[in-house]
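Me: I am new to this structure, and I would like to go through it with you step by step.
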Amino acid sequence: MRVGGIFDETSVLDLSAAGVERLETLLESENLASQLTRLAHQTHARHGLRNVKLLPPVERQEVWAAGVTYQRSKTARMEESKDSASVYDKVYEAPRPELFFKAIAEKVVAPNEAIGIRKDAVWSVPEPELALVFNSKSRIVGYTIGNDMSSRDIEGENPLYLPQAKVYSKSCALGPCIKIDVLEAEARTWTIHLRVQRGTKVVFQGETSVGQIKRRFDELGSYLFRSQQFPHGVVLLTGTGIVPPDNFALQAADVVRISVTGIGVLENSVLPV
Ligand code: DO4
Ligand code: MG
């Protein structure tokens, strides 16, 4: 049975026992924090985190992504796509951000499941990103962790190949939970850390700060909601600021661990698809 829950360090409180069946209902709530506190007092159905399978924190929400929001992402992309370097430079400075469609909810990979690398790509990387969770009224209700898996060789060959570099089976992971009741100023103090492990060896690690994102969250949201409605809400990845060196590519069975200080950890193994 799929249920929503409230997390603490070791357990999850079953919200379906308190009559909440859909994430959407919570996202639309005017005062979610106090509603959840009230619900938490109404139910005592609690499961140990080790006994539940975490699902991605999306049900009917589309997942979109912003790109080139960190200086580091701009530089890396200008280097990888020499013929069209200027498009990245221009979009970094332009008023209109780069926004692209990433996944429908049913295609999103859960914590501890396998994320995909394309079999026709040779330079696949994880992109560890803070994800904003919007309700249908374009209000940011919470934050989760996202992995915007990317095939750098395919994108680098021609920017028109971006949808193939970004959207394929298992190319987006989200989780482990939605952190609510946090203002942008606080989220900007968070650190994003990426670690890639191959067997017992750590083959890459790096970190960045959410504070380095060039654009304000409401600015990204206002472009996402321009001429478009999301009746169930929407999740927006905010771009990557961690780019492994050019000689690094993910391999089958690597384990990608992304942590964001205010939220938790999203970990997935790698599977060629
Ligand atoms: O421009 C291509 C994608 C950029 C992106 O995904 C990022 O900066 O995170
Ligand atoms: Mg990205």
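Me: Which element gives the largest share of the lining of the second largest pocket?
Reply: Strand β9 does, with four residues. Strands (E, at least two residues) and helices (H or I, at least four) are DSSP runs numbered from the N terminus, and a pocket is an open set of points on a 1 Å grid over the protein atoms alone where a 1.4 Å probe fits, with protein on both sides within 12 Å along at least five of seven lines, while lining residues have an atom within 4 Å of a point. The model is predicted, with pLDDT of at least 70 needed for local features and 80 or more for side-chain atom pairs, while totals for chains, interfaces and linings use all residues. Residues are numbered from 1 along each chain as written, chains are lettered from A and ligands numbered from 1 in written order, and side-chain values use heavy atoms, without hydrogens or water.

Me: Which residues lie nearest the centre of that second largest pocket?
Reply: Among its 17 lining residues, Arg139, Ile140, Val141, Asp181 and Val182 lie nearest the centre. At least two lining residues each come from α2, β9 (140–148) and α8 (217–224).

Me: Now the largest pocket, how much space lies in it?
Reply: The largest pocket holds about 1200 Å³, a volume being the space filled by probe spheres set on the points, which are joined across faces, edges and corners. Its lining has 41 residues, and Gly5, Ile6, Phe7, Pro176 and Cys177 are the closest to the centre. Two or more lining residues come from each of β1 (5–7), β2 (11–14), α1 (23–27), α2 (32–42) and β11 (172–180), and β11 gives the largest share, five residues.

Me: Which peptide bond involving proline 176 is cis?
Reply: The bond that joins glycine 175 and proline 176 is cis, with omega about 5 degrees, and proline 176 lies in strand β11.

Me: On to the ligands, which residues are closest to ligand 1?
Reply: Val68, Ser73, Glu98, Lys166 and Thr240 are the closest of the 15 residues that surround ligand 1, where surrounding residues have a heavy atom within 4 Å of it. Elements α3 (71–80), β5 (98–103) and α6 (162–166) each supply at least two residues of this shell.

Me: And which polar side-chain atoms lie by its oxygen atoms?
Reply: Among them is one of glutamate 98, which lies 2.8 Å from an oxygen atom of ligand 1, and one of aspartate 148, which lies 3.0 Å from an oxygen atom of ligand 1. A backbone N or O atom of valine 68 also lies 2.8 Å from an oxygen atom of ligand 1.

Me: What are the protein donors of the magnesium ion?
Reply: For the magnesium ion (ligand 2) they are Glu127 (OE), Glu129 (OE) and Asp148 (OD), lying 2.0 to 2.1 Å from it, where donors are N, O and S atoms within 2.8 Å of the metal (3.2 Å for Na, K and Ca) and the site may look incomplete without water. Their spacing in sequence is E-x1-E-x18-D.

Me: Why does the pair of glutamate 127 and aspartate 148 tie together parts that are apart in sequence?
Reply: Because glutamate 127 lies in the loop between β7 (124–125) and β8 (128–134), whereas aspartate 148 lies in strand β9, the pair ties together parts that are 21 residues apart in sequence.

Conventions: Polar contact = N/O pair within 3.5 Å; in protein donor to acceptor, adjacent residues only side chain to side chain.
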